[in-house]
Amino acid sequence: MLLSLRRWGRWRQWRRNRPFWGGLFAILAGAWICVLPLAPLKIMLQQGVAGIPSVLMGIVMIVLGLTAWFSPPQRSLAGVLTTLIATAALVLSNLGGFLIGTLLGILGGGLMFAWQPHTGRRTGDTASSPAAETAPAPTPASTGHHDPQGAQP
């Protein structure tokens, strides 16, 4: 039982430190768009040339979802590209997997782009304390936020 709780705690820790849900939706969208052209011809509306872009777009969306999981600093680029590819799949890939793949891809890309790293809990509200009015403003180095691009305030 204790071992199971430790595994569950490690899983929660891993999941919270990355855009998990955005990556999951991107992987599901990529799989849906990728597998649909491989379905029997009775299910497909029209195979034509849409088969090759569908498989390629699906694979790229799966890779972008995995990138968001295993390289969280690249989440913004992965989110934007996932949204663009999902939108392009609407035209190039049988209505984006009958709209399901496109909707999942747009949702996943948006979640990846909007995700922010967990910074921890606040110990108290500094605006309500009287000492906050006389305290100096925190410097960018003391805020605890890390900017991977190195932008200056």
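User: In which loop is the place of L99?

Analyst: Helices here are DSSP runs of H or I with at least four residues, strands are runs of E with at least two, and both are numbered from the N terminus. L99 sits in the loop between α5 (94-98) and α6 (100-114). Please note that this is a predicted model, in which local features need pLDDT of at least 70, side-chain atom pairs count only at pLDDT 80 or more, and totals for chains, interfaces and linings use all residues. Residues are numbered from 1 along each chain as its sequence is written, and side-chain values use heavy atoms, with hydrogens and water left out.

User: What is the phi of L99, and is L99 buried, partly exposed or exposed?

Analyst: Buried means under 20% relative accessible area, exposed means over 50%, and partly exposed lies in between (1.4 Å probe, protein chains only). L99 has a relative accessible area of 45%, so it is partly exposed. Its phi is positive, about 70°, although L99 is not a glycine.

User: Which residues form the nonpolar patch on the surface?

Analyst: A patch is made of residues with over 30% relative accessible area and no salt bridge; like charges are joined within 9 Å, and nonpolar side chains (Val, Leu, Ile, Met, Phe, Trp, Tyr) within 5 Å. A salt bridge is a side-chain nitrogen of Lys or Arg within 4 Å of a carboxyl oxygen of Asp or Glu. Accessible areas come from the Shrake-Rupley method with a 1.4 Å probe, and for residues only the protein chains shown count as cover. Here the patch consists of L90, V91, L92, L95, L99 and L103, with about 580 Å² of accessible area together. Helix α4 (residues 75-92) gives the largest share, three residues. V91 belongs to α4 and counts as exposed because its relative accessibility is 71%.

User: Where does R18 lie, and which residues does R18 touch?

Analyst: A contact means heavy atoms within 4.5 Å. R18 lies in the loop between α1 (2-16) and α2 (20-35). With a relative accessible area of 13%, R18 is buried. Not counting residues up to four places away in sequence, R18 touches A68, W69, F70, P72 and W115.

User: How many of the 15 residues of α1 are buried?

Analyst: The number is zero, so α1 lies largely in the open.

User: How many helices and strands has the protein?

Analyst: The protein has seven helices and zero strands. Buried residues make up 28% of its 153 residues.
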